[in-house]
Amino acid sequence: MVSMVQRQGDVIKELEAVFKDRLFTEPHILSLYSHDASSEVGVKPMAVIQPVSVDEVVKIVKLAIDYGFKIIPVGSSTSLSGNATPKLENTVIVSLERMNSIIEISDIDWYARVQPGIKDDELNLELMSYGLQWPVDPASSKTATVGGVISNGGGGMRGAKYGPASHWILGLEAVIGTGDVIRIGCRTVKCREGYNLVQTFIGSEGTLGIITEATLRLAPLPESFVGLMARFRDAESLVNAVIRVKRDKLWPMVTEFIDYMIAQVLGLEPMYYLWIGIDTYSGSEQQILSKLNNDVSLSGGEIIDKAFTWQEFSKILEPRRMLYSATLKAAFNDYGTDAFVAFEDIAVPTSKLPEAVREIQTLGQKYNVKMVIGGHIGDGNLHPTVWARRSDKDEMERIMKFFEDVGKLAIRLNGTVSAEHGIGVQKKGLLREAISSRNDGNSDYVINLMKNIKRVFDPYGIFNPGKIFD
Ligand SMILES: Cc1cc2nc3c(=O)[nH]c(=O)nc-3n(C[C@H](O)[C@H](O)[C@H](O)COP(=O)(O)OP(=O)(O)OC[C@H]3O[C@@H](n4cnc5c(N)ncnc54)[C@H](O)[C@@H]3O)c2cc1C
């Protein structure tokens, strides 16, 4: 009988023959790919491969079918819910980092065809010279790849107006779990060709197949821009300003915030900070600014910086992009490498923001947890983030209770437990809770529908095991 170790050795030999120096089995490299940017603990995969073509991706999937190993496709592993963290040792990480070209940009049809490994910022830098943008802009845009953003259904800093990835993908090429290459979607915004498989793939977290090419919908860069940074004494005043802006029917591209604790870590005065950026046409800037000024001051805030181009605004927005690293700094200052950080990612309708923010703060006090809050408040997307010492069972239980209750709060307020980060490992329980809240006694049926979709795309259960419902 062939032992497990012998079989693994055979697999590695076969892979080595094809991928040579693009196959890695060195322990320190395997360690790097054994987790994503969340605190989820993973296991070392058996190998990491960096394919350079769709044919190579097909080869890997066919070998996985023959040998029974698992595959996790990854971009930059910046996921925050354990989405890209391996849970089984017989896993091969397929890193798309070398498939990072722009294939075509059409500045008439406003689409770009790209390989999945291109980084969000690299793409937008190139698009800038065409006067265009792909407006899906996670705070991790310097490192996050287009394939990762699509697969997590990501959103980001321009989401208040442009929404998440699902609004900005026209078509995909992917290798599914039979080894077949499928091409789905169109190059036009209107596309009604049977069931919408493109939307099924968006947010599927690498569980249905490997995206090898994407056709992205583009938007023009703003002709003119009005941006501001304001500060407030408390969260309630900041939320009121956001609501006033919505009531005024202003439609910001960016509406972001951080709390006083993050501000302190970043060396700012400990207050609540709000960024609003509105893309507009020349001539309307002063009128917009005066409305914004009114909304901020009537809510008790103070404007401390302004910008009149997207580039200038990106600079004053930089502290908001530091939310993740500042949170890790606070957690590591407290507990060093024993820190476990849990990133919540709820969204609620704007009208429910005051209640959501108030109750999150109350839950923080109830469970006596270390907590910061910030996020994409313009689309109701909040990231309450808590941390604990891994070795402190009581504190870990308290942050988990907090995590669960914040998710339940979002459900109660007609929101969602997962706005943009995906389910991964950490939100599997909350996902079931959300589905059951909307499907009176019928949630198993809905969950089975989704599991059946997974089986159709991935009949041998190869892709990203242990995630979403698995
Ligand atoms: C500092 C920081 C800030 C962040 N800010 C935001 C934010 O503002 N908005 C937001 O939405 N997220 C944010 N995130 C989370 C994360 O960056 C995004 O989800 C991002 O889209 C992940 O991209 P990635 O290339 O790192 O993907 P990975 O983490 O490598 O992968 C993400 C998922 O997609 C799958 N996958 C990756 N590539 C492919 C492919 N080619 N085919 C099929 N499946 C694939 C993986 O298996 C995994 O399940 C942030 C993370 C950090 C660390």
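Predicted model: local features only at pLDDT ≥ 70, side-chain atom pairs only at ≥ 80, totals over all residues.
# A guided tour of the protein chain

Residues are numbered from 1 along each chain as its sequence is written, and side-chain values use heavy atoms, with hydrogens and water left out.

**The whole chain**

Switch to a cartoon view, and the protein chain shows 17 helices and 21 strands; helices (H or I, at least four residues) and strands (E, at least two) are DSSP runs, numbered from the N terminus. Along the principal axes, the C-alpha atoms fill a box of roughly 75 × 60 × 45 Å. The radius of gyration of the protein chain is 23 Å, which agrees with the value near 23 Å that a compact globule of 470 residues would have; this radius is taken over C-alpha atoms, and the globule rule is 2.2 Å times the number of residues to the power 0.38.

If you colour by burial, 57% of the 470 residues count as buried. Here buried means under 20% relative accessible area, exposed over 50%, and partly exposed in between, with a 1.4 Å probe and protein chains only.

**The nonpolar cores**

Next, select Trp134, Ile150, Ile169, Leu172, Phe201, Leu216 and Phe313, which touch the most other members of the largest nonpolar core, a set of 60 residues. A nonpolar core is a set of buried Ala, Val, Leu, Ile, Met, Phe, Trp, Tyr and Cys residues joined through side-chain atoms within 4.5 Å. Helix 13 (residues 323–335) gives the most to this core, with five residues. Apart from it lies another core, of 51 residues, including Ala241, Ile243, Ile288 and Met371.

**Two residues with positive phi**

Most residues other than glycine have a negative phi. Select Ser77, in the loop between strand 3 (70–74) and strand 4 (91–95), and you will find a positive phi, near 55°. Ser77 is buried, with a relative accessible area of 18%. Then go to Lys249, in the loop between helix 8 (235–247) and strand 13 (254–258), where phi is again positive, about 60°, in a residue that is not a glycine. Lys249 is exposed, with a relative accessible area of 68%.

Move to Thr143, in the loop between strand 7 (132–133) and helix 5 (146–152), which is partly exposed at 37% relative accessible area. Leaving aside neighbours within four places in sequence, Thr143 is in contact with Ser76, Thr78 and Lys119. Trp168 is 25 residues away along the chain, and its C-alpha atom is separated from that of Thr143 by 19 Å.

Arg390 comes next, in the loop between strand 21 (385–389) and helix 15, and it counts as partly exposed at 33% relative accessibility. The C-alpha atoms of Arg390 and Phe340 are separated by 5.6 Å, although these residues are 50 apart along the chain. Not counting residues up to four places away in sequence, Arg390 touches several residues, among them Ser39, Val41, Asp338 and Met396.

Finish at Glu397, in helix 15 (residues 393–412), which counts as partly exposed at 48% relative accessibility. Draw a distance from its C-alpha atom to that of Val226, 171 residues away along the chain, and the separation is 44 Å.

Note on methods:
Contact = heavy atoms within 4.5 Å.
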